Amino acid sequence: MTLTAVTTTGPATALAVPTQFRPELTPVGGSLTLSALVALLPLVTVFVTLGVLRWKAHWAGLTAVAVAVLVASLAFGMPVHLAALSATQGAAFGLFPIMWIVFTAILLYQVTVRSGRFEDLRATFHLISDDPRIQAIIIAFCFGGLLEALAGFGAPVAITGVMLMALGFSPLRAAAVVLLANTAPVAFGAVGTPIITAGTLTGIPYHEIGAYVGHQTPVLAAFVPLLLVLMAGGRRGVRETWPVAVVVGLTFAVAQWFAATYVSVELTDIIASLAGLAAAVLFLKAWRPRGRETALATMQVERERELATVGAPGSADVTPPADAHAVSADALAARSRDLTPGRITMALLPYLLVIVVFGVAKLVTPVKTWLVGTDVKVPWPGLSGEVLTLKGSPSAATTYTLPWLSSPGTMLLLCSLAVAAVYAVGMRGWAAEAWAVAHRMRWAFLTVASMLALAYVMNFSGQTIVIGTWIAGTGALFAYLSPTLGWIGTAVTGSDTSANALFATLQQSAAQTAGIDPTLLVASNTSGGVVGKMISPQNLTIAATSVGLLGREADILRRVLPWSVGLILAMCLLVGLQSTVLAWMLP
């Protein structure tokens with residue numbers, strides 16, 4: 001730790017007042033290893049309180065923030081007031097734009113429920129397939145991938161979570177499925193923002209990084225639909241539905257590889273998601289899975305068992321969504337037979353509108369430039385200019401950006417107002433839903449604010465970069481470990497973009513030192529981050545809120561953690577081999 005002193009000289013005395021903080025890599029005993037182990041304490045606090053002690057997420061988050069502030073001040077030498085101010089900036093970012101996006105995504109959904117049109121949307125998906133295991137692929141993977149491509153930042157989890165709940169999934173299974181599905185598309189999410197960020201920071205052309213990522217995440221994407229079927233229907237579900245899962249997974253993977261390599265980073269997920277959805281629709285015209293009735297019965301029993309625990313002694317304070325009732329398969333089939341093209345169009349209107357609005361905002365350059373130009377830059381009071389980087393320059397991250405108009409949340413808000421008007425819900429009905437959603441999400445606001453506060457304290461104090469540097473000190477072996485940095489960064493911040501902001505340049509310098517292709521390791525940071533998102537406390541809270549399980553984030557974490565660990569190990573092996581014997585795979 002380095003403090004820069006400003007000396008004020010009076011008539012008789014000279015007073016040295018420390019005004020700036022500069023992090024160091026070895027603040028604890030001059031040892032990088034010891035410093036990294038101490039820096040891990042806030043993360044250990046999160047996973048122990050959530051996964052072992054089963055605390056509610058907001059208490060786990062607040063406790064972890066307190067631990068991070070103590071570590072920053074006592075071990076890393078950061079002044080307490082700067083650590084506290086770091087937490088306030090992180091909390092502000094957690095509320096806006098992160099929770100603003102989630103709030104408006106759920107509000108849009110609730111407007112469709114209030115209008116009664118969501119029943120037609122359920123029936124529309126029923127026309128494609130009446131099998132819940134297939135619906136998990138279509139909604140969580142294909143449609144969720146499209147939402148990730150356009151919006152990102154939790155919107156896919158929020159929207160597809162409530163959609164699966166409304167289709168009859170149990171809350172816990174719906175949350176786990178959408179978190180697992182929100183993996184492969186993340187690297188190219190929000191119109192390629194994570195990859196563009198990595199390119200900006202490293203100076204490597206972002207389309208080259210994207211091409212490398214396009215030779216890593218498609219390997220993962222090819223298997224995700226199979227894993228979704230396994231999670232949704234067990235081994236029996238895999239035996240009965242594997243053909244369509246393989247077709248969708250391979251189609252998505254090939255389209256993602258092709259688009260990332262030859263078309264555009266910005267359009268990659270849009271192309272891949274639409275290709276996967278088209279493959280599913282066409283394939284299901286010629287093939288139907290077995291075991292639908294058994295799957296529906298099992299799902300219904302599980303749902304009733306889960307919902308029966310609400311309010312039981314010792315249970316979490318669960319608030320199911322207003323439309324938590326399930327419709328019988330026969331009633332849904334009858335409704336689907338009565339659908340007309342007009343009713344189908346009206347049912348799809350909210351999500352078609354989302355695609356159009358986000359497409360224009362993100363892909364039409366003049367509109368995108370104008371929207372970004374409305375962002376308000378706010379140097380964080382008391383923090384801006386006081387926190388330095390490792391190199392001694394003022395940290396640009398202490399400037400808070402208020403994307404009041406360009407935020408996906410604002411676009412979703414406008415969509416919800418338009419849908420309320422078209423559906424004749426009215427402003428009074430829209431306002432009632434907005435209030436209900438805000439009240440239901442009150443603890444989620446606190447949770448995500450605390451998790452982002454944790455991330456900012458760890459980042460500004462140097463804890464995160466110390467952990468990354470420690471892992472990077474493994475030489476040639478680092479190629480096998482490099483994806484774990486993206487995994488950890490995304491798990492902490494909830495954002496693959498933030499993980500690249502933290503570690504992209506570190507990956508580049510470590511690769512140059514070890515004689516490894518820098519583009520490979522920068523890409524691996526992005527690819528590793530995609531499987532860290534499902535265990536991010538921020539994303540766990542978003543998923544829990546969307547399905548009415550706020551307070552049971554620990555249960556969701558235990559459900560998805562093994563998948564995340566298994567997938568990051570697979571990604572580590574792939575990247576390590578790509579640095580040697582599988583180098584032919586790279587562009």
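Angles between axes under 35 degrees count as roughly parallel, over 145 as roughly antiparallel, 65 to 115 as roughly perpendicular and the rest as oblique. The model shown is predicted; local features need pLDDT of at least 70 and side-chain atom pairs pLDDT 80 or more, while totals for chains, interfaces and linings use all residues. Residues are numbered from 1 along each chain as its sequence is written, and side-chain values use heavy atoms, with hydrogens and water left out.

**View A. Crossing of helices H20 and H21.** Helices (H or I, at least four residues) are DSSP runs numbered from the N terminus. The axes of H20 (residues 442–461) and H21 (residues 463–472) come within 4 Å and cross at roughly 65 degrees; axes are lines fitted to C-alpha atoms, for helices over the stretch in contact, with angles from 0 to 180 degrees between N-to-C directions. H20 and H21 are therefore roughly perpendicular to each other. In the contact (heavy atoms within 4.5 Å), Val-457, Met-458, Asn-459 and Ser-461 of H20 meet Gln-463, Thr-464 and Ile-467 of H21. Three of the residues in this contact are nonpolar, four are polar and none is charged.

**View B. Nonpolar patch on the surface.** The patch is formed by Val-44, Val-48, Val-52, Leu-53, Trp-55, Trp-59 and Leu-62, which together have about 630 Å² of accessible area. Patch residues have over 30% relative accessible area and no salt bridge, and nonpolar side chains (Val, Leu, Ile, Met, Phe, Trp, Tyr) are joined within 5 Å. Areas come from the Shrake-Rupley method with a 1.4 Å probe. Helices H2 (41–52) and H3 (57–75) each supply at least two residues of the patch, and H2 gives the most, with three. Leu-62 lies in H3.

**View C. Salt bridge between Arg-114 and Glu-433.** A salt bridge is a side-chain nitrogen of Lys or Arg within 4 Å of a carboxyl oxygen of Asp or Glu. The count by this rule is nine. In the pair shown, the closest N and O atoms of Arg-114 and Glu-433 are 2.9 Å apart. Arg-114 lies in helix H4 and Glu-433 in helix H19, so the pair ties together parts that are 319 residues apart in sequence.

**View D. Backbone at Pro-97 and Ala-424.** The peptide bond from Phe-96 to Pro-97 is cis, with omega near 20 degrees. Pro-97 is found in helix H4 (residues 80–115). Ala-424 is not a glycine, yet has a positive phi of about 60 degrees. The loop holding Ala-424 runs between helix H18 (408–422) and helix H19 (426–440).

Note on methods: Ala, Val, Leu, Ile, Met, Phe, Trp, Tyr, Cys and Pro count as nonpolar, Asp, Glu, Lys and Arg as charged, and the others, Gly among them, as polar. Patches are made of residues with over 30% relative accessible area and no salt bridge: like charges are joined within 9 Å, nonpolar side chains (Val, Leu, Ile, Met, Phe, Trp, Tyr) within 5 Å.
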